[in-house]
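Please study the chain shown here before reading on.

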Amino acid sequence: MAISRKETILHLFEKKIPEHYHSDEIRLSQVQMALEVASFLHPSQRKRILLLEAPVGTGKSLGALVPALNESTIDRFSTKRINYVTATINLQGQLMQGEVPLLQNLGLLKDVILAKGKSHYYCHQELYSLSNINTSKEIIDSFNRFFYESSTGQRDEYEQLYGEIRNEIWGHVSLKATKSDCERCPLSYTCPTNQHRKRFLLNNQLVITNHEQMIRSLLNHISDPPGSSIVPINPGIIIIDEAHHFLENFLSQIESPITIKKLKGIGNDRQFPYKFKKEYSKIVGHLEKELEEIAEGVESLQGRYPIPDSAKSHLSLLLKVLDAALEQLVLQNLENHNKARANIFSEKLESTIEIIKPLLDTKKYVHWITFEEFTFSSIPRNFPTVFREMMNLLIKYNKVIVMSGTLTRAC
């Protein structure tokens, strides 16, 4: 006689899991949660989203993962896989060190991958930036060896091999490129970071990732034209933990920021057309000086403030110069022998133009300035519509479990 889902879950939580922890304790609230999740995931259940609020200590992770993994293994022809999406790297680490070994011992889990954010991965192309700071030859040599010895490109792996690395140094060599940039990089075929991150999209039974990468993958899919995903958007089951941070992280993903430092860096690039360099630098200089004067009178450098009209005037002038510079670059690139590099800078200029334009459009965008690093930012006014479209896509392909210890407070 086939064992029911309920019987399997009760057996795991009442016998197998206590045995693993050498304990007689059974968390009744965790068992009840697991049964609710199993009922929600049953093929006969037509609901697409389940909201769960449970206090810290309930054991939400196992309460969701055990029935989810059980559902993915019940039918060997099933294509159900699981994305476990968190807000913090700490919870991702906790899952890999605690829950994952248990789930593997229970026979529920075979293939798992930890899909960290970009800042946790090494980029060999960024190594040159270390020449700008006080770094020993020994550290540079260790990065060169790491590029060829690493299997994942992760910071944790580097520190296991070569010892702890300062945040300042890692910040210079961490991955900053987009997925398309990585694919065009001449080192892509031998880069451990690129090869590891490609595996995010393989048929892993469980992908542990963060809100940002899940949100970005969905936004890429609904963009026009559609972009590529970082992690799967249609595994079948998605568990969103720490959901009280999800909307905030969504807003950060649709925000388009640009700093004075980045604007200055574009003008200082050797690829920037000489004809427009002086005018561009002059405008950026006037803009920076004006912002410095305004910053002396604000209450908080971290606060968000309306962009002054005078700053918008400078941005409008910058936009004209950038448009002219891009037009000249496009013509130059037709005859440029190093087309790949020239095209990359042209795309950089184009993306900068696309960030500045919304800062001048009050009808379609909300925009502000933060004075700490002189950062201009904007988000579309229709962001609630974008959020609904993203969530509709999510539940179209998956059953979604949304859980938090403070979900009602967040709502």
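The axis of a helix is a line fitted to its C-alpha atoms over the stretch in contact, and the angle between two axes runs from 0 to 180 degrees between their N-to-C directions. With this definition in hand, the packing of helices can be described. The model considered here is a predicted one.

Angles over 145 degrees count as roughly antiparallel.

A second pair lies earlier in the sequence. How are helix α3 and helix α4 arranged, and at what angle do they pack? Helix α3 (residues 60–74) packs against helix α4 (residues 89–105) at an angle of about 50°, and the two axes are 11 Å apart. The helices α3 and α4 are therefore oblique to each other, with a right-handed crossing. From α3, the contact draws on S61, L62, L65, V66 and L69, while α4 supplies L91, L95, E99, L102 and L103. By class, eight residues of this contact are nonpolar, one is polar and one is charged. An α-helix has 3.6 residues a turn, so residues three or four places apart point the same way.

Helix α1 (residues 5–20) brings a further feature, namely a kink of about 40° centred on L12. L12 is also one of the buried residues of α1, together with I9, F13, I17 and P18. These buried residues pack against α2 (28–41), and also against α3 and α4, the pair described above. Just after α1, H22 takes a positive phi of about 50°.

Finally, the chain may be viewed as a whole. It contains 17 helices and 10 strands, and its C-alpha trace spans about 80 × 50 × 40 Å along the principal axes. Of the 411 residues in the chain, 46% are buried. Among contacts between residues at least 6 apart in sequence, 75% join residues at least 24 apart.

Key
Residues numbered from 1 in each chain as written. Predicted model: local features only at pLDDT ≥ 70, side-chain atom pairs only at ≥ 80, totals over all residues. Heavy atoms only, no water. Helix = DSSP H or I, 4+ residues; strand = E, 2+ residues; numbered from the N terminus. Parallel < 35°, antiparallel > 145°, perpendicular 65-115°, else oblique. Left-handed = near helix turned anticlockwise from the far one by under 90°. Contact = heavy atoms within 4.5 Å. Nonpolar A, V, L, I, M, F, W, Y, C, P; charged D, E, K, R; others polar. Bend = angle between axes of the 7 residues up to and from the residue. Buried < 20%, exposed > 50% of the residue type's maximum accessible area, 1.4 Å probe, protein only.
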